[in-house]
Amino acid sequence: MADEPDAPTTGPEASDPLARLKSYQGHPATVSATGRDPVNLPMIRHWCEALGDTNPTYTGPDAVAPPTMLQAWTMGGLAGHAGRTSSYDELLALLDAAGCTSVVATDCEQEYLQPLRPGDEITFDTVIESVSDRKTTRLGTGHFVTTRTDVRVGETLVGTHRFRILKYAPAQQKKTPPPPRRPRPVVNRDNAGFWEGVEQHRLLIQRCTTCTALRFPWLPGCAHCGGPDWDTVEASGEGTVYSYVVMHHPPFPAFDPPYAVVLVELAEGVRIISNVVGTPYDKVRIGMPVRLVFQAYDGDLTLPVFRAAEEAAVEEAAVAEEAAVAEEAAV
């Protein structure tokens, strides 16, 4: 490490955290460091190819390096530079101790004084130019640290590079929002009776009082005879999967793809679109016997869904047995 002035350990700076940080302003971070490689055509070519820059100024025997490559010639790689001092690391350690454990580069400023040519040997010095007061950003609160690097060829200053980072304490994450709610059905005068039945755990099917044709979904008039009058029949709940699709994309809030959307043919002969619950989506099959159940969502929404008939029978038997045990215990 190169020699450098010691940061104060006594006086106001020792007890004032901000003053302690600002005491590093003006301290060298790198002294008389040398570029790992001279300015060279292969690096210039790679740079231009990566950026799609076809300017002929950067090729041929009289080529110059793109000005924006200024920092590239000062990079130390994994090994770093022999001229690096401890000041910058000490400053970052103080910021870590103050809770500013995260870092993000924010911006850089470059000034070009003279073009660089292949063969130029680079030397440079870096100084800690400024440490800001504590700032609040969307990322969190912390300090902006700016370094200035003066790049030379021999004794000639060819460019200056200012680099600024934010060392910050990450902002507390916002509370996880509640899970999205399922879309609510649109209830109108034509289907209000159906949803009233669902609230009572009854699946009601319209029946034309003129021709007795059953219809589902609910409609204001009979599709067979045109009769406007109707009553209802309660579905037994037995049915089979008539068809189905598996939804993968696009995702919708409150739904977790993949899942099966089924068209169930009820024992009464009408069909209803719903879901099969309790059965993996890849186990649903056309012709699979199912039984109606009513499932609550979000605490205030009840929907008619279906279970595989065998699974439903096992569940009903377990519920009946539990009820019988409770009744016997009560007696």
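Biologist: How many bridges join strand S3 to strand S5, and how do the two strands run?
Modeller: In this predicted model, strand S3 (residues 122-131) and strand S5 (residues 140-153) are joined by nine bridges and run antiparallel.

Biologist: Which residue in S5 is the bridge partner of Thr-126?
Modeller: The partner of Thr-126 is Thr-149 in S5.

Biologist: And how many bridges join strand S4 to S5?
Modeller: Strand S4 (residues 135-136) is joined to S5 by two bridges, again in an antiparallel arrangement. Thr-136 has Thr-141 in S5 as its bridge partner. Three residues lie between S4 and S5, which form a hairpin.

Biologist: What about S5 and strand S6: how many bridges are there?
Modeller: S5 and strand S6 (residues 156-170) run antiparallel and are joined by 14 bridges. Opposite Gly-142 stands Tyr-168 in S6. These two strands also form a hairpin, with two residues between them. Gly-154, in that turn, has a positive phi of about 65°.

Biologist: Let us turn to the open sheet of five strands. What is its strand order?
Modeller: The order is S12-S11-S10-S13-S14, with antiparallel pairing. Strand S12 (271-275) and strand S14 (301-308) are the edge strands, each pairing on one side only. On average, neighbouring strands of this sheet are turned by 35° against each other, direction ignored.

Biologist: Which helix packs on the sheet, and which strands are touched?
Modeller: Helix H5 (residues 192-199) packs there, touching strand S13 (289-297) and S14. The direction of H5 makes about 70° with that of S14.

Biologist: How many bridges join S10 to S11?
Modeller: Strand S10 (residues 238-247) and strand S11 (residues 259-266) are joined by eight bridges. Within this antiparallel pair, Val-241 stands opposite Val-264 in S11.

Biologist: A change of topic: where does Gln-25 lie?
Modeller: Gln-25 lies in the loop between helix H2 (17-22) and strand S1 (28-34). Its relative accessible area is 34%, so Gln-25 is partly exposed.

Biologist: Which residues does Gln-25 touch, leaving out those up to four places away in sequence?
Modeller: Gln-25 touches Ile-128, Glu-129, Ser-130 and Val-131. Glu-129 is also linked with Arg-148, Asp-150 and Arg-162 in a network of salt bridges.

Biologist: What is the count of salt bridges?
Modeller: The count comes to 16 salt bridges. One of them is formed by the side chains of Arg-181 and Asp-300, at 3.3 Å from N to O. That pair links distant parts of the chain, 119 residues apart: Arg-181 is in the loop between S6 and H5, and Asp-300 is in the loop between S13 and S14.

Biologist: Why does Asp-300 count as exposed?
Modeller: Asp-300 counts as exposed because its relative accessibility is 52%, and the cut-off for exposed is over 50%. Arg-181, at 48%, counts as partly exposed.

Biologist: Which residue forms a salt bridge with Asp-231?
Modeller: Arg-207 does, and the closest N and O atoms are 3.0 Å apart. Asp-231 lies in strand S9 (residues 230-234) and Arg-207 in strand S7 (residues 204-208), so this pair ties together parts that are 24 residues apart in sequence.

Biologist: And what is the salt-bridge partner of Glu-238?
Modeller: Glu-238 forms a salt bridge with Arg-291, with 3.3 Å between the closest N and O atoms. Because Glu-238 lies in strand S10 and Arg-291 in strand S13, the pair ties together parts that are 53 residues apart in sequence. Glu-238 is partly exposed, with a relative accessible area of 34%.

Conventions:
Residues numbered from 1 in each chain as written. Predicted model: local features only at pLDDT ≥ 70, side-chain atom pairs only at ≥ 80, totals over all residues. Heavy atoms only, no water. Pairing = 2+ DSSP bridges. Helix = DSSP H or I, 4+ residues; strand = E, 2+ residues; numbered from the N terminus. Axes fitted to C-alpha atoms, helices over the stretch in contact; angles between N-to-C directions. Contact = heavy atoms within 4.5 Å. Buried < 20%, exposed > 50% of the residue type's maximum accessible area, 1.4 Å probe, protein only. Salt bridge = Lys/Arg side-chain N within 4 Å of Asp/Glu carboxyl O.
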